[in-house]
Amino acid sequence: MDNDNAQLSPEALRRIDREVAKYPADQKQSAVMAALVIAQDEKGWLPKETIAAVAEYLGMAPMAAYEVASFYNMYDLHPVGKYKITVCTNLPCALSGGVHAAEYVKTKLGIDFNETTADGKFTLKEGECMGACGDAPVMLVNNKRMCSFMLPEQIDNLLAECK
Amino acid sequence: MALIDTINPLLTTGWTKGDAGWGIKDYEARGGYKQLRRVLESRMTQDDLIAEVKTSVLRGRGGAGFPTGLKWSFMPKAAPLKYVVCNTDEGEPGTFKDRDLMRFDPHAVIEGMIIAGYAVGAKAGYNYIHGEIFEVYQRFEEALDQARAAGYLGNNILGSEFSFDLFAHHGWGAYICGEETGLLESIEGKKGQPRYKPPFPANFGLYGKPTTINNTETFAAIPFILGMGGEAYLNLGKPNNGGTKLFSVSGHVNRPGNFEVPMGTPFSKLLEMAGGMRGGRKLKAVIPGGSSAPVLPADVIMDCTMDYDSIAKAGSMLGSGAVIVMDETVCMVKALERLSYFYYEESCGQCTPCREGSGWLYRVVHRIEHGEGRPEDLDLLNRVTDNMMGKTICALADAAAFPVRSFIKHFKSEFEYHIENKKCLVDPETQRMGSGFFKAGAA
Amino acid sequence: MVEIEIDGKTLQVEDGSTVIEAAHKLGTYIPHFCYHKKLSIAANCRMCLVQVEKAPKPMPACATIVTNGMKVFTHSELAVKAQKAVMEFLLINHPLDCPICDQGGECQLQDLAVGYGDSASKYEEEKRVVPDKDLGPLVSTDMTRCINCTRCIRFTAEIAGFMELGQSYRGERAEVMPFIGKTVDTELSGNIIDLCPVGALTSKPFRFSARTWELSRRKSVSPHDALGSNLIVQTKHDKVMRVLPLENEAVNECWISDKERFSYQGLNSADRLTKPMVKQGGEWKEVDWNVALDYAAHALRDVARNHGGAAIGGLLSPHATLEEMFLAQKLLRSLGSENIDLRLRHSDFSADGKRAGIPSLGMKIADISALDRVLVVGSFLRKDHPLIAQRLRQSAKKAAQVSILHSANDELLINLTARAIAPPSHLPALLAQVAKAVCAAKGAAVPSDIASLSITADAQAIADSLVSGSNSAVLLGNFAQQHPQAAMLHALGRLIATTLGGRLGFLGEAANSVGGYVARAVPGNGGLNAAAMLKDPRQAYVVLGAEADLDTADGAQALAALAKAAVTVVLTPFRTPAMLDYAAVLLPTAPFTETSGTFVNTEGRVQSFYAAAKPLGEARPGWKVLRVLGNLLEQAGFDQDSSEDVRNEALGGKREFVAGMSNGIEAVALSFADGADKLERVADVPIYFADPLVRRSPALQQAADSAVPAARMNAATLAKSGLAAGDAVKVGAGGTVITLRAGLDNGLPDNVVRVAAAHADTIGLGAMFATLTVEKA
Ligand SMILES: Cc1cc2nc3c(=O)[nH]c(=O)nc-3n(C[C@H](O)[C@H](O)[C@H](O)COP(=O)(O)O)c2cc1C
Ligand code: SF4
Ligand code: FES
């Protein structure tokens with residue numbers, strides 16, 4: 001990973017600026033979570049150079065940004081597939097098939113949790129409660145799209161839809 | 001899915017149109033922002049406003065059930081800079097009410113927060129939104145834009161002296177940020193590691209300034225309380241348990257979902273509203289207040305009404321109102337294993353007893369579940385939980401301990417069976433079919 | 001004040017105290033790991049749980065604030081049960097590898113486990129293994145032993161000023177680490193070794209070299225910067241194995257800089273001179289002491305007889321002890337020479353004869369922390385005075401405002417209020433602008449020679465800050481003291497300080513800069529100063545503890561002068577190729593660990609110490625060598641029995657602080673350079689090259705601060721010279737040219753080239769302050 005690739009696009013910086021504006025002027029660091037999300041959206045994951053670039057942009061120590069990037073589990077510190085599917089297997093979901101849904105995806109994709117398919121398309125993650133237990137089984141695609149009631153047929157459709 | 005069923009809808013009145021009714025026009029048509037207008041136009045005093053909330057005996061909906069009016073009254077009057085913060089980090093397993101509140105009626109939360117800001121003298125607020133619900137975060141940002149455009153946010157709101165702005169802060173996957181000081185750290189751009197208290201947020205909160213933090217549902221209730229009056233709101237529920245409450249019912253019921261019912265509604269009624277037990281199977285156990293609340297066996301919960309006091313008397317907590325229903329297809333060891341894994345995974349890691357103890361608990365339960373349990377393990381688990389409880393910065397260590405203790409207490413023989421026979425009491429195929437995954441819509 | 005009771009004993013403590021502080025006052029020990037009095041409260045280890053009356057749960061003593069009437073029980077059943085519970089949790093994932101751990105014998109976990117642990121843990125699951133980290137040449141890691149107390153993290157962020165370490169991930173996977181690929185590089189980083197309560201962070205140079213209980217300990221005093229940090233020197237078989245801080249709140253608090261911690265490695269370098277040597281017929285011979293001393297005495301006497309005492313020059317290192325300097329000047333004066341100086345890196349001596357007393361800090365070191373407005377003038381503060389910088393860093397976090405006026409804008413990790421950066425020749429004018437603005441703001445008369453200056457915004461900002469306070473100081477750094485217009489800077493600093501009703505202070509250059517004046521190691525009537533006696537070569541030189549090429553203002557000139565001399569007698573712990581070139585006699589003297597002696601720190605505090613080890617080989621304490629030389633020259637006054645005798649003679653009795661300090665100065669003519677478009681050199685003395693001992697510490701020589709010197713310029717100056725960072729560049733001064741790499745440093749003003757001094761690669765360039773030429777190589 002060279003330094004040039006770590007740089008964020010003007011569009012990303014513009015979006016970060018919008019987040020910074022939410023907080024008091026002397027509290028730029030408050031925007032670090034959002035800035036890392038924006039960076040991750042742009043890079044697909046968070047290489048250390050990108051984390052350092054975000055830290056520099058917000059005037060904080062790189063280690064402080066790394067603490068954040070490694071604490072919250074939706075940041076990807078390693079490359080992931082084009083589609084990162086996170087399945088909630090926590091108890092309320094499990095009671096309505098969360099674990100089985102995960103097993104089903106594993107079999108279909110031939111990978112286990114924290115693995116990526118050989119074609120780089122899918123990464124599978126085990127998730128904790130997403131606050132949608134009434135819709136179990138639930139899955140999250142690329143951190144932002146929540147899929148509800150994921151029974152076999154819905155899973156088949158989802159995977160087919162991911163091109 | 002919007003609303004399944006309700007008795008006496010307040011917070012859920014706006015949910016009927018589902019995704020089509022969240023906008024500001026719909027909200028205003030339902031009488032939204034009327035209370036804010038009344039407060040500002042009548043120049044209601046902060047004390048009167050807080051008194052009204054105190055009268056309603058609205059207890060915090062985030063889990064601890066702390067009286068909201070009292071909490072607001074702790075805010076120092078003189079401080080020049082104060083904040084209100086909304087806790088929409090709903091991550092307590094089983095809880096999914098705040099997500100729906102934010103989807104179907106975000107303006108109620110916004111109005112509640114503005115009024116709270118007025119009551120405690122804050123000029124700005126933040127709503128911390130759970131990482132996994134991006135669509136909700138987006139919608140809330142849109143709702144904020146609408147409110148700003150309509151003059152409900154910003155300088156001199158509705159021509160009054162009162163200025164207040166509100167922003168959304170999006171989490172990114174950490175249960176501990178539901179703990180109020182972990183949440184504040186997170187807004188400050190740090191790891192969500194809870195702070196030692198005291199000082200409490202009312203004195204040292206966001207950026208070190210006095211801060212009031214409430215749950216989403218707590219804020220959403222405020223306009224309704226002002227609309228009907230504190231007294232009337234209180235009377236909807238039971239003494240010391242004012243108003244209605246949203247319950248998120250999940251697990252082995254026919255119609256999982258959110259239900260708004262008055263405090264004190266019998267559990268059996270709630271179960272009935274949720275369509276009864278899935279496949280007509282037998283109720284085995286219920287966790288009545290989110291995964292951190294002690295589990296109650298069927299016979300105990302069936303005698304409870306859904307309010308703070310009744311559930312506490314039965315030995316558990318109403319918590320966030322997440323009702324996790326388990327039928328006879330559940331292996332209690334396996335259920336506990338998953339919960340213990342959750343606390344192990346989510347411990348923030350700063351306190352020794354929690355960092356080390358949560359992993360220890362999980363590993364021992366995992367061993368038992370996998371047929372490697374030892375007779376002395378149950379005592380060991382109780383001892384480890386003993387050593388964790390009450391010794392940490394926040395309540396997560398206790399939350400990790402409660403399930404372990406209550407599962408062992410109420411289902412000891414099932415654990416013993418597991419240890420002795422190296423397998424589940426409930427046969428695997430029964431467990432497999434219990435989830436309903438393999439034959440969709442099992443009836 | 002509130003009254004509380006701890007284990008039945010009542011005491012009064014200040015409002016806002018914590019239970020652990022109160023217990024400390026009583027001498028009651030409460031077990032703890034994360035708590036440290038100088039760091040913020042984390043309350044994460046939970047080891048300090050105690051029982052508080054009426055509290056249902058045990059409370060952490062480190063974070064619980066006392067309230068009136070509070071009753072605390074540190075040994076009750078509830079408290080002990082909680083403490084034991086925590087200890088068990090701490091040990092379940094600990095490797096319990098004490099027999100091979102460097103912390104063995106001084107491990108808080110080991111100590112407390114004895115008192116609070118149960119021998120057999122019930123933990124039978126797999127233990128956690130944490131990968132080790134590369135923290136650089138100074139600190140070694142065994143992260144599996146880490147108990148996540150976060151002391152090291154808080155130290156880097158709060159005391160050293162930059163969060164080099166953090167705790168990544170969460171829960172059981174939480175790991176203390178630097179940012180990926182980074183090391184710990186601040187000048188204070190070694191303190192994390194002391195702070196680590198277990199064996200997770202240990203000294204890399206010390207690693208596996210001794211068990212702590214085999215070590216003998218001696219108190220000592222740092223021979224490096226002017227703070228005079230108090231040290232504990234630990235030896236095994238007369239070899240220094242380790243140096244640790246000795247707590248002295250008034251001086252170094254509980255810290256030391258890495259220079260002080262790791263320079264001991266140089267003590268036993270291969271360069272150590274272990275036998276006296278004389279040059280005969282161009283050949284160096286190791287000889288007996290009496291031969292060498294005889295030779296030296298005769299040679300010096302001959303020069304004095306034949307050419308007069310003024311033909312002899314004495315160059316004394318400001319790192320030498322008070323006793324050594326005192327006897328050296330006495331010896332030189334007895335030979336009729338007044339050419340004596342310890343200010344080897346200075347270039348302006350025009351204040352001589354105008355000073356009201358011995359220049360010093362002008363206040364107590366601890367007073368620095370109480371200042372509310374500070375202007376630092378001409379200082380590489382963080383590297384020259386790491387712990388004074390630390391004090392200012394802490395002040396600036398509270399209400400104090402700190403500003404700097406200098407020729408470089410290095411990251412000080414201090415929250416600065418204002419800064420004015422200009423080429424060296426512009427510093428007097430810049431400081432004069434501040435003075436003018438301060439006078440104006442205070443309604444004081446503006447001296448005529450600065451009245452016509454126009455005030456830049458930066459200077460005004462500094463003045464605004466200064467006048468807004470009530471307890472201010474102007475501190476002159478090494479660079480200001482070495483500056484060619486040092487006297488002007490002194491006078492202007494004085495003007496500002498007096499106008500403000502504040503103080504003027506010199507941040508002493510070296511361990512004994514103040515002591516040198518007390519010992520009269522400065523030229524007397526008609527004597528030549530350090531620069532003059534090198535510019536105008538002498539027949540003979542006595543060099544004490546200095547390496548003339550690296551420790552002077554113009555190494556090239558010094559080498560040339562010494563080479564021309566008929567006799568150069570060098571008293572030194574180390575031999576260098578250059579010395580073999582210019583000297584006639586090399587007398588092996590003992591470094592600070594092998595002699596008794598005294599350093600007078602920058603506040604004038606007299607700090608004596610004893611030898612911690614026997615001298616290596618035939619090296620001897622410098623004061624003894626000089627005393628014998630005095631005897632051989634048949635001079636009176638060289639009959640002291642001990643270094644204490646020498647010290648008492650030098651100080652005029654036993655004292656805690658020296659007498660005669662004053663930073664007053666008579667009028668100095670002011671004239672200001674106008675911005676001629678020339679390239680000026682800015683020479684810093686890199687922290688790990690600043691004296692002969694530290695130059696020889698292999699670990700410090702691998703540190704980031706020991707990088708090969710480059711010719712650094714800001715982007716505009718680089719561009720103007722047609723250079724890019726990384727290019728080879730010919731740097732010239734006064735006819736000599738050396739080749740360096742060009743480097744980018746945007747903290748520098750325009751028309752400045754920063755080339756470090758005190759480094760073999762740059763001696764050829766000559767004077768520290770000079771006009772340079774640069775040209776792409
Ligand atoms: C581990 C932990 C997790 C929590 N999670 C949440 C949460 O997701 N949402 C919430 O509102 N409160 C949560 N809380 C409770 C909050 O700390 C706080 O009490 C609450 O937000 C206050 O609001 P209320 O008074 O309106 O209930 C949590 C507490 C703990 C200890
Ligand atoms: S109890 Fe656990 S989650 Fe809470 S602060 Fe301590 S380590 Fe973090
Ligand atoms: S010393 Fe108090 S919690 Fe660590």
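Student: Which strand gives the largest share of the shell around ligand 1?
Tutor: This is a predicted model. Three residues of the shell come from one strand of chain B, residues 211-215. That largest share belongs to strand S5.

Student: How do the residues of that shell divide into nonpolar, polar and charged?
Tutor: The shell around ligand 1 holds 18 residues. Among those that come nearest are Asn214(B), Asn215(B) and Thr218(B). By class, the shell has three nonpolar, nine polar and six charged residues.

Student: What share of ligand 1 does the protein bury?
Tutor: An oxygen atom of the ligand also lies 3.0 Å from a side-chain N or O atom of Lys71(B). A nitrogen atom of the ligand is 3.2 Å from a polar backbone atom of Gly178(B). Taken alone, ligand 1 exposes 600 Å². Of that area, the protein buries 89%.

Student: How do helices H14 and H18 of chain B pack, roughly parallel or roughly perpendicular?
Tutor: Their axes are 9 Å apart, at an angle of about 95°. Angles of 65 to 115 degrees count as roughly perpendicular. So H14(B) is to H18(B) roughly perpendicular.

Student: Which residues of H18(B) make the contact?
Tutor: H14(B) brings Met332(B), Val333(B) and Leu336(B). The contact residues of both helices divide into four nonpolar, one polar and one charged. From H18(B) come Glu414(B), Phe415(B) and His418(B).

How values were computed. Residues numbered from 1 in each chain as written. Chains lettered and ligands numbered in written order. Predicted model: local features only at pLDDT ≥ 70, side-chain atom pairs only at ≥ 80, totals over all residues. Heavy atoms only, no water. Axes fitted to C-alpha atoms, helices over the stretch in contact; angles between N-to-C directions. Helix = DSSP H or I, 4+ residues; strand = E, 2+ residues; numbered from the N terminus. Parallel < 35°, antiparallel > 145°, perpendicular 65-115°, else oblique. Contact = heavy atoms within 4.5 Å. Nonpolar A, V, L, I, M, F, W, Y, C, P; charged D, E, K, R; others polar. Near = heavy atom within 4 Å. Polar contact = N/O pair within 3.5 Å; in protein donor to acceptor, adjacent residues only side chain to side chain. Areas by Shrake-Rupley, 256 points an atom, 1.4 Å probe, with all protein chains shown as cover.
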